[in-house]
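User: I have a model open and would like to learn how to read its features one by one. Could you walk me through them?

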Amino acid sequence: MADVSDEQFRAFLNILQPDESIAVMTADARVDAGTWGTIARAYIRLTGDRSLPVAMQDRLIAEADALTPGNPYDVHTLDTSHAGFVFRADEVAALLDRAAI
């Protein structure tokens with residue numbers, strides 16, 4: 001969150017859930033094309049993300065689109081860090097609103 005103030009960063013830390021199960025990061029998260037591919041999806045690429053670099057975001061998008069070629073992501077880009085979008089809610093909402101149309 002290098003793109004926000006220290007005060008905003010501390011506020012963000014305060015909303016994190018310390019009791020989240022480690023299984024979230026270790027469980028099999030693969031999707032099934034027959035079900036997952038039936039709903040509309042949007043992906044907001046975060047160009048300042050150092051936790052999940054743009055190249056990896058693009059790979060995730062490409063792999064998902066290859067799995068469900070008839071239902072690709074509606075991709076948008078926002079110049080912010082991994083969690084910086086929390087403080088740019090108006091922009092994120094506008095992107096998602098456009099994706100829903």
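User: Let's start with T68. Is T68 buried or exposed?

Analyst: Burial is read from relative accessible area, and under 20% counts as buried. In this predicted model, T68 has 5% relative accessibility, so T68 counts as buried. T68 sits in the loop between α4 and β2.

User: Which residues does T68 touch, not counting residues up to four places away in sequence?

Analyst: T68 touches A33, W36, G37 and R41. Keep R41 in mind, as we will come back to R41 at an aromatic ring.

User: What share of the residues is buried?

Analyst: Of the 101 residues in the chain, 24% are buried. Another overall view comes from contacts: among those with a separation of 6 or more, 68% are between residues 24 or more positions apart.

User: Now the aromatic rings, please. How should I describe a pair of them?

Analyst: A pair of aromatic rings is described by the distance of the centres and the angle of the planes. A search of the whole structure finds 1 aromatic pair. The partners are Y43 and Y73, with 5.5 Å centre to centre and 75° between the planes. Planes over 60 degrees apart count as edge-to-face, and that is how this pair is classed.

User: Why does the pair tie together parts that are apart in sequence?

Analyst: Look at where each partner lies. Y43 belongs to strand β1 (residues 42-46), whereas Y73 is in the loop between α4 (54-67) and β2 (74-78), so the pair links parts that are 30 residues apart in sequence. Both Y43 and Y73 are buried.

User: And what lies over the face of Y73?

Analyst: That is R41, at 4.7 Å from the ring centre of Y73. R41 is also one of the residues touched by T68.

User: Where is R45, and which side chains does it reach?

Analyst: R45 is in strand β1 and is buried, with a relative accessible area of 16%. Its side chain has a polar contact of 2.6 Å with the side chain of D58. A further polar contact, of 2.9 Å, connects the side chains of R45 and T77. Leaving out residues up to four places away in sequence, R45 touches V54, Q57, D58, I61, V75, H76, T77 and L78.

User: How do I read the largest pocket, and which residues line it?

Analyst: Take its volume, then its lining, then the elements that supply the lining. The largest pocket holds about 390 Å³ of space. Its lining is made up of R30, V31, W36, Y43, M56, R59, L60, I61, E63, A64, L67 and Y73. Helix α4 gives the largest share of that lining, 7 residues. Both partners of the aromatic pair, Y43 and Y73, are among the lining residues.

User: V31 is in that lining. Where is the place of V31 in the chain?

Analyst: V31 is in the loop between α2 (23-26) and α3 (33-36). With a relative accessible area of 38%, V31 is partly exposed. Beyond its neighbours within four places in sequence, V31 is in contact with W36 and L67. The C-alpha atoms of V31 and A64 are 8.8 Å apart, although 33 residues separate V31 and A64 along the chain.

User: One more residue: where is F85 found?

Analyst: F85 is in the loop between β2 and α5 (89-100). F85 is partly exposed, with a relative accessible area of 35%. Apart from neighbours within four places in sequence, F85 is in contact with L46, L78, T80 and V92. From C-alpha to C-alpha, F85 and V4 are 9.9 Å apart in space and 81 residues apart in sequence.

Key:
Residues numbered from 1 in each chain as written. Predicted model: local features only at pLDDT ≥ 70, side-chain atom pairs only at ≥ 80, totals over all residues. Heavy atoms only, no water. Phe/Tyr/Trp six-rings, centres within 6.5 Å; stacked < 30°, edge-to-face > 60°. Helix = DSSP H or I, 4+ residues; strand = E, 2+ residues; numbered from the N terminus. Buried < 20%, exposed > 50% of the residue type's maximum accessible area, 1.4 Å probe, protein only. Lys NZ or Arg CZ within 6 Å of the ring centre and 35° of its normal. Contact = heavy atoms within 4.5 Å. Polar contact = N/O pair within 3.5 Å; in protein donor to acceptor, adjacent residues only side chain to side chain. 1 Å grid on protein atoms, 1.4 Å probe; cavity = no way out; pocket = protein on both sides within 12 Å on 5 of 7 lines; lining within 4 Å. Points joined across faces, edges and corners; volume = space filled by probe spheres on them.
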